[in-house]
Amino acid sequence: MRFTYCPHCGEQLTRKTIGDEGQIPYCNTCRVPLWDMARTCVICAVVNEYKEIVLIRQSYGDTSRYVCVAGVMTMGESAEDTARREIAEEIGLSVERLTYIRSYPYIEKELLMLGFKATVKKADFTLSGEVADAVWVPLDEASALLREGSIAQQLVQTVAKGASADEYACAHVHS
């Protein structure tokens, strides 16, 4: 979200230099900077005990492509609670173990996506109205079914390599 007017008083914002942040939208009336904000979401690589992953096709938007289970955090909800809720809502499965992988900025949609590996028991799906189709796919074959370079593909590739959040972070600090 990019502010033009103050959400508190409605005044048009000006630009003001704030420390080393540079020129930031600023409300002279409220005397507050209003940084651009991203909406926080989760994206989940849902895997089972047979090293299969759930890929879904949504019932809206681009219905031809597979994606991972994802959803928007609601006010007062933790990222972990959001991941569990979205998996239960979209495909009807319960999470046994949840591991944070990393964050993914999605600039085009003004989102910050928090990536998780969610371990579940293999079961039939109960799909929400948001999901047109869900399939179990061998984890080592899933990347090829996802849009090249997408956040879903990046997450699936990281999970398929078996990298933990610490291993991923260390690899990127040194590269």
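Student: Of the 175 residues of the protein chain, what percentage count as buried?
Tutor: Keep in mind that this is a predicted model, where local features need pLDDT of at least 70 and side-chain atom pairs count only at pLDDT 80 or more, while totals for chains, interfaces and linings use all residues. Residues are numbered from 1 along each chain as its sequence is written, and side-chain values use heavy atoms, with hydrogens and water left out. Buried means under 20% relative accessible area, exposed means over 50%, and partly exposed lies in between (1.4 Å probe, protein chains only). By that cut-off, the buried share of the 175 residues is 37%.

Student: In what order do the elements of the protein chain run from the N terminus on?
Tutor: Helices (H or I, at least four residues) and strands (E, at least two) are DSSP runs, numbered from the N terminus. The chain has 4 helices and 9 strands. Their order is β-β-β-β-β-β-α-β-β-β-α-α-α.

Student: How far apart are the end C-alpha atoms of helix α1?
Tutor: The expected span of a helix is 1.5 Å times one less than its number of residues. Helix α1 has 13 residues (79-91), so it should span 18 Å. The model agrees with that, as the end C-alpha atoms of α1 are separated by 18 Å.

Student: Is T82 buried or exposed?
Tutor: T82 sits in helix α1. Leaving aside neighbours within four places in sequence, T82 is in contact with V42, G71, V72, M73, T74 and E77. Because its relative accessibility is 0%, T82 counts as buried.

Student: With which residue's side chain does the side chain of E77 make a polar contact of 2.7 Å?
Tutor: E77 lies in the loop between β6 and α1, and is buried at a relative accessible area of 16%. A polar contact is a pair of N or O atoms within 3.5 Å; within protein, one must be able to donate a hydrogen and the other to accept it, and residues adjacent in sequence count only if both atoms are side-chain atoms. The partner at 2.7 Å is R85.

Student: Which element gives the largest share of the lining of the largest pocket?
Tutor: On a 1 Å grid over the protein atoms alone, a pocket is an open set of points where a 1.4 Å probe fits, with protein on both sides within 12 Å along at least five of seven lines, and lining residues have an atom within 4 Å of a point. The largest pocket has a volume of about 700 Å³, that is, the space filled by probe spheres set on points joined across faces, edges and corners. Of its 30 lining residues, the closest to the centre are Q58, V67, Y106, K109 and M113, and the elements giving two or more residues are β4, β6, α1, β7, β8 and α3. The largest share, 4 residues, comes from β7.

Notes:
Contact = heavy atoms within 4.5 Å.
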